[in-house]
Structures are given as structure tokens and as C-alpha cells.
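Here is a short report on how two chains meet. Look at the structure first, then read on.

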Amino acid sequence: MPTEKEEKGKYTTVSIPTPLAEKIKKRIEGTGFNSISSYVTYVLRELMANTEEEEVFSKEDEEKIKERLRALGYLD
Amino acid sequence: MPAPHGGKLVYRVDKNINTEGFPEIMISGDMAKDVENIAYGVFSPLEGFMCRNDFENVLEHMRLENDIPWTIPIVFDFEGELKEGDEVILKSENGTIALFKIEEIYGYDKKEYAQQVFRTRDAAHPGVAKIMKMRKNLAGGKITLIKEGEEKFSNYYLKPHETRILFKEKGWRDVVAFQTRNVPHMGHEYVQKTALTFADGIFINPIIGRKKKGDFKDEVILKSYEALIEHYYLKERAVMSILRTMMRYAGPREAIFHVIM
């Protein structure tokens with residue numbers, strides 16, 4: 001298991017404007033978020049997840065797959 | 001359609017790799033399923049067995065080292081002469097063949113592993129018992145599938161890239177996946193019908209693989225769902241495809257693992 005020192009190395013500090021931090025502090029009152037950091041981490045993870053791109057298949061690959069799906073009765 | 005977990009659908013298959021000259025290791029049927037799930041992208045974005053940082057992050061934070069959510073370690077345990085940099089051929093009795101490039105070898109604490117994943121160290125728990133029987137070292141690194149093994153129910157087996165094309169062809173955008181190790185009962189029926197009120201289609205994923213004593217047989221689960229889809233649901237809105245993996249019985253961690261798959 002990681003030592004305390006190693007564990008601390010997995011986090012870093014990001015500066016945000018104080019008024020924004022105050023707004024976040026109010027917003028998380030009574031929620032499951034126990035700190036501004038946990039809320040900001042959650043929001044940023046959501047944002048990053050939505051910007052990642054999917055690979056696409058070639059037309060030829062797609063046709064082969066459709067043939068298999070038809071043969072198995074998944075497509076008409 | 002949502003992007004694959006981690007943003008990339010993994011596909012690590014190369015049938016042209018010449019296996020001559022590589023040392024061979026026989027693997028269990030459970031591990032062969034892991035190998036194929038990695039190769040076909042069921043476990044995307046994993047490209048191989050976990051190295052130490054991923055393994056420890058998963059135990060501690062339920063995330064991979066790169067911060068992507070992941071709850072169950074996917075690891076290769078061994079005893080013997082393997083070393084970092086080795087390339088070995090993995091073979092199973094049912095014919096799975098894969099190339100494994102070993103990037104890292106590391107030790108682990110079985111009790112800690114069990115405690116983190118199952119919240120117990122009691123060997124009466126099937127998941128804990130399995131960990132306690134594991135060999136003492138782990139090896140991490142990428143795998144490439146060379147040959148798929150022979151398995152039952154292959155006419156119900158769709159790989160992730162196939163299901164994505166199937167959903168596209170059916171015009172489904174919002175799909176609810178329902179994973180199960182049981183035959184359907186009224187509670188399931190209610191959940192599935194509710195899902196169909198807001199989703200374009202339902203994707204039923206019976207888990208086919210090693211289960212604990214007393215669980216339903218795979219054949220029975222499949223036949224019951226076959227009847228449900230054939231005679232009850234609208235065929236254009238319900239699809240069944242099996243998920244080949246063993247049950248871990250890891251409670252909430254396993255629930256999230258199933259969501260990821």
C-alpha cells in the first residue's frame with residue numbers, strides 16, 4: 001500500500017478565485033460533498049469525461065459486423 | 001451514443017502473431033475470459049493486466065492511475081521464473097491463445113486486497129477464498145489475443161464493437177443495460193419495463209461464467225430470457241447478449257464494475 005508521502009503526491013493544488021470558492025462552499029452545504037476540493041474534482045471529472053473521443057470503424061469492418069449480426073438474427 | 005469507458009474502445013486482436021519460440025503458460029478458464037474481455041474491449045480502457053499503480057489505485061480509490069473509475073482489480077498471478085520484459089504465450093484448455101508482454105512484476109497483500117474489495121477477510125466469502133488461493137506474485141502488462149477460445153452459447157455472444165453497431169442500426173441512442181446472474185422475476189420485469197419508458201432499448205446481459213453453488217444454471221437463465229424477449233417484450237426494443245465473466249460477489253464495487261462493462 002502507498003505510504004502517506006506517496007499518497008500526498010497524488011494530489012496537487014489549483015488556485016481558484018476566492019468569490020468562486022465562497023459560492024461553491026455555499027452550494028455544497030447539506031450535500032454529500034465534504035469539501036470544495038471534492039466538488040471541484042467531481043465537476044472537472046464530468047467535464048473531462050465528455051470531451052474524450054471515440055474511435056470509429058472502417059466501412060469494411062462495419063459491413064462484416066453487420067453480416068454477422070444478420071446471421072445471428074440480431075438484424076433483419 | 002455515449003463514448004466507451006475511458007474514451008477509447010480497446011481492440012487488441014492479432015491472429016497473425018507467430019507463437020513459436022515463446023515460453024507458454026497455461027491459464028485458467030476464468031483468466032482466459034479476462035484475457036478475451038481485455039482484448040475485445042469489454043474492459044476498456046484496460047489493455048492488459050494491471051501494473052502496480054493501477055492495482056493499488058483501484059484498491060484505494062476505485063480509480064485507475066489515470067483517474068478513470070475502476071473498482072475490481074484485473075490481475076495476473078503467478079509463481080515462477082517470469083521477469084519484467086519477458087514475452088509469454090498464455091494458453092487455456094478451451095483454446096484461448098494470447099501474447100502477454102510483462103511490464104512489471106510486484107507483490108501484494110492478499111488480506112488487504114480482500115478487505116478493500118469485499119470489506120471482509122472471511123474465507124467463507126467466495127471472492128476472498130479465491131484471493132487466498134492466488135499465487136504470490138502479480139505481473140502487469142499488455143496482452144494481444146491471437147485466438148479466441150471455444151465457449152458455449154457463442155450465438156449469444158456479441159463483442160462491444162458489434163453491440164455499438166447493432167444499436168446504431170436499430171437507431172438506439174439511450175440504451176439501458178440489465179446485467180443478471182438470475183432468471184427474471186417480477187422485480188426484474190418491473191425495472192426492465194420502467195427502463196423502456198425512457199430508453200430506446202434494453203440490452204439484457206446474462207453473466208455466463210463461474211458462479212457460486214446454488215446460483216441458476218446458465219442454460220436456464222438464457223432460456224427464460226429467450227422466452228421473455230420472444231413472447232413478451234417488443235423484439236425491436238430488447239436485445240440479449242451474454243457477458244462472459246465470473247461473478248466476484250463484491251457488492252457495490254461489483255455493481256460499478258458491471259456498469260463499466
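Helix 4 of chain A packs against helix 5 (residues 160-170) of chain B at an angle of about 80 degrees. Their axes lie 10 Å apart. This is a predicted model. Angles of 65 to 115 degrees count as roughly perpendicular, and helix 4 of chain A and helix 5 of chain B are therefore roughly perpendicular to each other.

Which residues make this contact? From helix 4 of chain A come A:E62, A:I65, A:K66, A:R68 and A:L69. Helix 5 of chain B brings B:H161, B:E162, B:I165, B:L166, B:K168 and B:E169. By class, this helix contact has 6 charged, 4 nonpolar and 1 polar residues.

The side chains of A:K66 and B:E169 form a salt bridge, 3.2 Å from N to O. A:K66 sits in helix 4 of chain A and B:E169 in helix 5 of chain B, so the pair joins two chains.

**The wider interface**

Now take the whole meeting of the chains. Chain A puts 19 residues into the contact, and chain B puts in 31 residues. Together the two chains bury about 2200 Å². Carbon and sulfur atoms account for 57% of that area.

How many salt bridges cross the interface of chain A and chain B? There are 4. Over all chains, the structure holds 25 salt bridges. Another salt bridge links A:R45 with B:D67, whose closest N and O atoms are 2.4 Å apart.

Which element of chain A gives the most to the side that touches chain B? Helix 4 (residues 59-71) does, with 5 residues. By class, that side of chain A has 10 charged, 9 nonpolar and no polar residues.

**Inside chain B**

Helix 2 (residues 52-61) and helix 3 (residues 110-118) of chain B pack at about 45 degrees, with axes 8 Å apart. That angle makes helix 2 of chain B oblique to helix 3 of chain B. On the helix 2 side, the contact uses B:F55, B:L59 and B:E60. On the helix 3 side, it uses B:E112, B:Y113, B:Q116 and B:V117. By class, this contact has 4 nonpolar, 1 polar and 2 charged residues.

| Helix pair | Angle | Axis distance |
|---|---|---|
| Helix 4 of chain A and helix 5 of chain B | about 80 degrees | 10 Å |
| Helix 2 of chain B and helix 3 of chain B | about 45 degrees | 8 Å |

Methods: Residues numbered from 1 in each chain as written. Chains lettered and ligands numbered in written order. Predicted model: local features only at pLDDT ≥ 70, side-chain atom pairs only at ≥ 80, totals over all residues. Heavy atoms only, no water. Contact = heavy atoms within 4.5 Å. Buried area = accessible area lost by both parts, 1.4 Å probe. Helix = DSSP H or I, 4+ residues; strand = E, 2+ residues; numbered from the N terminus. Nonpolar A, V, L, I, M, F, W, Y, C, P; charged D, E, K, R; others polar. Axes fitted to C-alpha atoms, helices over the stretch in contact; angles between N-to-C directions. Parallel < 35°, antiparallel > 145°, perpendicular 65-115°, else oblique.
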